[in-house]
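Thanks for coming. I have one model to go through, and I will keep it short.

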Amino acid sequence: EPPSHNPVRTPNKKIPSPSPSRSKASPARSAKKPPPDSPNPDDSSLDNPDLGPFLLKLARDTIASGEGPTKALDYAIRAAKSFERCAVEGEPSLDLAMSLHVLAAIYCSLGRFDEAVPVLEQAIQVPDVERGPDHALAAFSGHMQLGDTYSMLGQAEKSIGCYEQGLKIQIQALGETDARVGETCRYLAEAHVQAMQFDKAEELCKKTLEIHHAHSEPASLEEAADRRLMALVCEAKGDYEAALEHLVLASMAMIANGQENEVASIDVSIGNIYMSLCRFDEAIFSYQKALTVFKSSKGDNHPSVASVFVRLADLYHRTGKLRESKSYCENALRIFAKPVPGTTAEEIAGGLTEISAIYESVDEPEEALKLLQKAMKLLEDKPGQQSTIAGIEARIGVMFYILGRYDESRNSFESAVTKLRASGERKSAFFGVVLNQMGLACVQLFKIDEAAELFEEARAILEQECGPCHQDTLGVYSNLAATYDAMGRVEDAIEILEYVLKLREEKLGIANPDFEDEKNRLAELLKEAGRSRNRKAKSLENLIDPNSKRTAKKEGTKKWGFRI
């Protein structure tokens with residue numbers, strides 16, 4: 001089978017490999033040399049039925065010998081054309097499908113993912129799954145490889161669609177309880193985690209556990225991998241007790257199988273759950289256990305050691321021990337500055353991003369910004385990292401906003417939004433939050449109409465994904481009401497604020513301090529409604545940062561606060 005690229009993992013989260021038989025993504029290599037000239041399609045030699053297998057073998061041997069993918073690409077192109085010419089009309093050729101898989105894999109190894117897509121789209125049209133298991137396997141492999149390629153292009157929605165089609169074909173050929181179906185279910189669950197579709201991921205994880213429970217011994221490595229992924233899903237959904245239970249069971253399975261380093265990695269995850277539950281002493285114990293193992297097995301300067309330092313820095317920051325927190329941050333940065341051989345750019349970028357969050361929390365936005373920019377530079381040439389880069393750009397936008405650099409803030413948010421739209425995450429709650437933050441930057445630049453459009457889109461997404469009572473959704477309601485008033489759309493602002501107050505009174509309670517603020521704001525608007533607004537809207541001035549150089553002289557009105 002041709003090599004394939006695994007889907008991008010969730011940033012800063014270690015997700016178990018979906019299957020030991022699947023290879024990891026190859027480092028991207030830029031195609032500095034121009035592609036070889038395609039063979040003349042009229043070349044009569046390609047009509048020889050013995051030429052296709054010979055050229056395909058040459059392509060594989062060339063890759064295996066390390067001569068380079070460019071020469072192998074030439075052989076693979078000619079092999080595919082030969083198989084296509086020699087195919088009997090009406091008879092699907094598995095040799096053609098195989099040659100297209102190899103050709104696409106070579107394109108991917110050259111970093112030419114866009115060229116691999118049409119090749120794989122042709123390949124999945126060749127097999128006829130009704131003709132038996134060989135055709136079903138070829139169709140399954142083609143869909144999974146196409147999904148991997150879309151993943152490397154950052155197109156998560158298309159990627160998941162291909163995986164789902166591959167799973168459907170596999171179930172049709174093997175049945176729903178085959179162990180190989182379980183592996184594919186976990187693979188698809190990881191893709192859903194990456195796309196932050198946790199309900200679908202949880203459903204697939206449960207199915208995977210059931211299949212492996214039927215086929216594997218108790219406390220197997222397969223079960224441990226399933227439970228680690230399930231724990232990640234439960235943690236993302238806020239079900240920390242369930243996540244802890246899955247991690248403990250996974251740890252017991254790893255101990256039974258003598259996987260010491262994997263046990264240490266699970267200890268880090270257990271520490272994260274304890275910290276989320278505010279059980280800080282137990283979290284420290286878990287982190288220290290993992291740190292001892294990593295230092296003894298991998299060395300003091302391994303990125304795994306740095307990752308534990310980052311977790312300890314975060315813990316001590318949360319407990320108010322800022323000196324200890326800063327010390328652990330500096331130790332982690334020292335390791336990331338001189339990484340040991342084998343350290344990936346993704347590991348370093350993830351660590352820098354986490355440390356930047358700590359610096360942001362201690363009111364050092366300049367230092368946080370520098371770390372985020374370093375992280376983005378490490379990932380900018382890496383395929384399949386579009387979603388991760390978009391997340392970093394959104395954080396950079398927040399830092400620019402805090403520093404009062406609103407033009408740069410808006411540009412960072414705009415770049416993040418563009419990437420998230422392209423990757424199929426335009427319906428996620430995170431996307432809604434980024435739209436809200438971009439709207440805030442637009443307000444500071446007096447781009448009120450653009451801000452209103454962004455808040456409206458954010459409202460629609462967050463209402464769908466989080467519900468109207470979620471804090472993020474309520475924040476967007478408040479921002480949109482303020483913007484409407486600034487635009488002179490008083491009735492629309494009144495309508496939103498009345499809806500928010502009704503939600504608070506009926507479902508959330510009125511103890512929240514925002515209730516009185518919103519009540520007073522509504523009273524002001526109701527008082528003004530029906531009057532001629534012969535002045536610049538008060539709300540506009542009250543929405544603008546008072547430190548902005550473009551802010552006009554303030555009038556004596558109550559301030560409308562924007563909510564990030």
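A term to start with: buried means under 20% relative accessible area, exposed means over 50%, and partly exposed lies in between, with a 1.4 Å probe and protein chains only. Cysteine 329 counts as buried because its relative accessibility is 2%. Cysteine 108 is buried as well, because its value is 3%.

This is a predicted model, where local features need pLDDT of at least 70, side-chain atom pairs count only at pLDDT 80 or more, and totals for chains, interfaces and linings use all residues. Residues are numbered from 1 along each chain as its sequence is written, and side-chain values use heavy atoms, with hydrogens and water left out.

How many disulfides are there? With a disulfide taken as a pair of cysteine sulfur atoms within 2.5 Å, the count is zero.

Next, helix α6, residues 156-174. Helices are DSSP runs of H or I, at least four residues, and strands are runs of E, at least two, numbered from the N terminus. Buried residues in α6 include Ala156, Ile160, Tyr163 and Leu167. The buried residues of α6 pack against α5 (133-152), α7 (179-194) and α8 (198-215), contact being heavy atoms within 4.5 Å. Just after α6, glycine 175 has a positive phi of about 95°.

Last, the record. Residues 264-297 are 91% helix and 0% strand, with end C-alpha atoms 10 Å apart. For residues 349-382 the values are 82% helix, 0% strand and 12 Å.
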